[in-house]
Amino acid sequence: MRCGDFRESYAEDMSLFESPLPRVLLSGLLLFLLVLPQFATTYWLDVLNRICIAIIGAVGLNVVTGYTGLISLGTAAFLAVGGFATAAMAGKAGLPFVIVIPLSGLLTAMVGLVFGIPSLRLKGLYLAVATLAAHYIVEFTATHWDSMTGGVNGISIPPAQFAGLVLSDDRKMFYLIFPVTVGLLFFTKNLFRTKVGKAFVAIRDQDISAEVMGVNVFRYKLLSFAVSSFIVGVAGSLLAYQARIISPENFPITLAIDYLGMVIIGGLGSILGSIFGAIFITLLPEMLRLGTDALSNQWPALMQLVAPLKAGVFGLVVILFLIFEPDGMAARWNHIKAYWKLYPFSY
Amino acid sequence: MEFFLQLLLNGIVVGSIYSLVGLGFVVIYKSTSVLNFAQGEFLVLGAYICLTLTVQYQVPFFWSFLLTLAFSALMGILTERLILRPMIGEPVISLIMVTLGLSSLLKAIIQGIWGTELRPFPDIFPAEPVKIGPLPVSQGYLISLVSVAVLLVIFTLFFKFTRSGVAMRATAFSQQVSLSMGISVKRIFALAWSIAAVVSAIGGVLLAGIRGGLDGAMAFFGLKVIPVVILGGLDSIAGAIVGGPIMGILENLAGGYLDPLVGGGAKEVAPFVVLVLILTIKPYGLFGKVKIERV
């Protein structure tokens, strides 16, 4: 804490920004990100969009897993629900994106509620297994409900449109995805300053004491599932709009594990952590590809190793983080920040 | 009728391998409270090592099988020592994630060394079928069924009568009490992981032998064992033994009778539908210890 920086009321202690400086810096960063697409190549625009979508998904998962302590292996399934809902509403019904995206989120929230019901009786390991089952059931439905999801061949989605505005390329898509991401981040950050968010955290830390203190565990667990799957559903909807064609193969169980990895590597119960984790996991395969491309002249055999390399590095990073930095990158970031705050007079 | 019997037999044989691999799950869960999501990779890795030794290095099958088991035991011990021991006392999410990370890592190693294409597995079982009543049954099925049964009996006796087996059960009951009775809990953890790796490797070799081919996709078998152990009760060895054939028969019947109706895939999804049902009705399974938690 800085010298002379006193907090005199609860509201001050709970404020989003400790001091004016982070507010200025954050505005600067947002502004920079807003003009960035004007200079980025198509490839990096695509990566940028995928990072934003991954951030939304990771934040959604963090609500239920990091903040409420309910382990979910169903992220890929919820992304798929959001994506296929978008395909149906935008493709078949021709609705504009301002209606489709929230509706996809709501539909996913409803599916999330159904699979959240086991969480009322089950905890920890058993819940993880239940969501694993949910994943396979959704995958089966997506593969076999041909008329709705296009089955294994997939289904194509028209470009996002609203009142004559057609978001036909990645640059235009960015200006849809980016504000949604920032909005949801602020929503989630603020959620944990309210009664509801505090109740989630209380359930995670000690569910019995939470109940004793008057938190209706039953209702808040379900609410947590609903909020989380709403956010993940929005991510799925944007994913569908961005990819333009989706099939059940786009949502394998490894995707759910990737998202859990983002949350773990970034930091459980931390919005900042979800952002770090999402950036890291999305950039990992891109960096590996750039690396192997550069080295493929010397070792052409390397090209075939990209896929296993990605899985291997991912697994290794997750294991190393869990053993050496269980609180994730967000904790490391806070250490660094605390160190520089008083530099060079740290004592 | 013959179709039904065929499905039943397939179910029992595959189910017996479920039991064997499920035993690995239960042994690890009982002693260390970890659900090992990397079990499927243990299974595939064991089968690949046996395949490589037999085909590439021309080791007789019997010896390559023994070498595979030795390797698996070692791998189990190393996994426990390097990855799981630092995680003692961490929350459940970390324990789940670390085995998922391990599964990803092992998958990458398998794919990096052996690639993704289907490789023919050496014919370890005689080819011509025997007749049981009207039904032609391949000898591979019978041999695998008998060997699994023998193994399950051996393990049951091991847990009941040997010093290490009793120590394992004591550790599962209470780690603190076993420590004060002079049992090395670390050694028990290592033993549990090596047993799990060994039974998975045996399951992998049998499964690859029955199928006649081997590829990385067989790791899915590890995930399909999860419904089996939940059905039987996660901390019950008897549950794994009973749950295996039940689930095997169930998924084969679902595959045989529902697939034409829904257009395939019923066999893969049936165990998970059953899983959801068990979890909502009787979450601790048929024989699991009931921990009442009203939250």
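Me: At what angle do helix α4 (residues 75–92) and helix α5 (residues 97–116) of chain A cross, and how close do their axes come?

Reply: The model is predicted. In it, the axes of α4 and α5 of chain A come within 8 Å and cross at roughly 140°.

Me: Why is that pair called oblique?

Reply: Roughly antiparallel needs an angle over 145 degrees, and roughly perpendicular covers 65 to 115. The crossing of α4(A) and α5(A) is at roughly 140°, so the two helices are oblique to each other. The crossing is right-handed.

Me: Which residues make the contact of α4(A) with α5(A)?

Reply: From α4(A), A:Phe78, A:Val81, A:Gly82, A:Ala85, A:Thr86, A:Met89 and A:Ala90 take part. The residues of α5(A) include A:Phe97, A:Val100, A:Leu103, A:Leu107 and A:Val111. By class, the contact has 10 nonpolar, 6 polar and no charged residues.

Me: What makes α3 (residues 42–67) and α8 (residues 170–191) of chain A roughly parallel?

Reply: Their axes cross at roughly 25° and come within 10 Å. An angle under 35 degrees counts as roughly parallel, so α3(A) is roughly parallel to α8(A). By class, this contact has 14 nonpolar, 4 polar and 3 charged residues. α3(A) passes α8(A) in a left-handed crossing.

Me: Which residues meet between α3(A) and α8(A)?

Reply: The α3(A) side includes A:Leu45, A:Asp46, A:Ile53, A:Ile56 and A:Val63. Among those they meet in α8(A) are A:Asp170, A:Arg171, A:Phe174, A:Ile177 and A:Leu185.

Me: How do you know that α13 (residues 271–295) and α15 (residues 328–341) of chain A are roughly perpendicular?

Reply: The axes of α13(A) and α15(A) cross at roughly 110° and come within 7 Å. The range for roughly perpendicular is 65 to 115 degrees, and α13(A) and α15(A) are therefore roughly perpendicular to each other. The crossing is right-handed. In α13(A), A:Leu272, A:Gly273, A:Phe276 and A:Gly277 meet A:Gly328, A:Met329, A:Ala330 and A:Trp333 of α15(A). These residues divide into 5 nonpolar, 3 polar and no charged.

Me: Why is B:Ala208 called buried?

Reply: The cut-off for buried is 20 or more other C-beta atoms within 10 Å. B:Ala208 has 25 such neighbours, so B:Ala208 counts as buried. B:Ala208 lies in helix α8 of chain B and touches B:Ala47, B:Phe121 and B:Leu214, leaving out residues up to four places away in sequence.

Me: What makes B:Ser236 buried?

Reply: B:Ser236 has 21 other C-beta atoms within 10 Å, and the cut-off is 20 or more. B:Ser236 is therefore buried. It lies in the loop between α9 and α10 (237–262) of chain B. Apart from neighbours within four places in sequence, B:Ser236 is in contact with B:Val26, B:Gly285, B:Phe287 and B:Gly288.

Me: Why are A:Arg244 and B:Ser33 called partly exposed?

Reply: Exposed requires 12 or fewer C-beta neighbours and buried 20 or more, with partly exposed in between. A:Arg244 has 14 within 10 Å, so A:Arg244 is partly exposed. B:Ser33 has 16 and is therefore partly exposed.

Me: Where do A:Arg244 and B:Ser33 lie, and what is the phi of each?

Reply: A:Arg244 lies in the loop between α11 (217–243) and β4 (245–246) of chain A. Its phi is positive, about 70°, although A:Arg244 is not a glycine. B:Ser33 lies in the loop between α1 (2–32) and α2 (39–55) of chain B, with a positive phi near 55°.

Me: Which residues touch the most other members of the largest nonpolar core?

Reply: They are A:Ile56, A:Ile231 and B:Ala192, in a core of 196 residues. Helix α8 (residues 185–211) of chain B gives the largest share of this core, 18 residues. Beyond four places in sequence, B:Ala192 is in contact with B:Val27, B:Ile28, B:Ser31, B:Thr32 and B:Met168.

Me: How many residues does each chain give to the contact between chain A and chain B?

Reply: Chain B gives 36 residues and chain A gives 41. On the chain B side, the largest share, 16 residues, comes from α4(B). That side divides into 25 nonpolar, 8 polar and 3 charged residues.

Methods. Residues numbered from 1 in each chain as written. Chains lettered and ligands numbered in written order. Predicted model: local features only at pLDDT ≥ 70, side-chain atom pairs only at ≥ 80, totals over all residues. Core = buried A, V, L, I, M, F, W, Y, C linked by C-beta atoms within 7 Å. Helix = DSSP H or I, 4+ residues; strand = E, 2+ residues; numbered from the N terminus. Contact = placed C-beta atoms within 7 Å. Axes fitted to C-alpha atoms, helices over the stretch in contact; angles between N-to-C directions. Left-handed = near helix turned anticlockwise from the far one by under 90°. Nonpolar A, V, L, I, M, F, W, Y, C, P; charged D, E, K, R; others polar.
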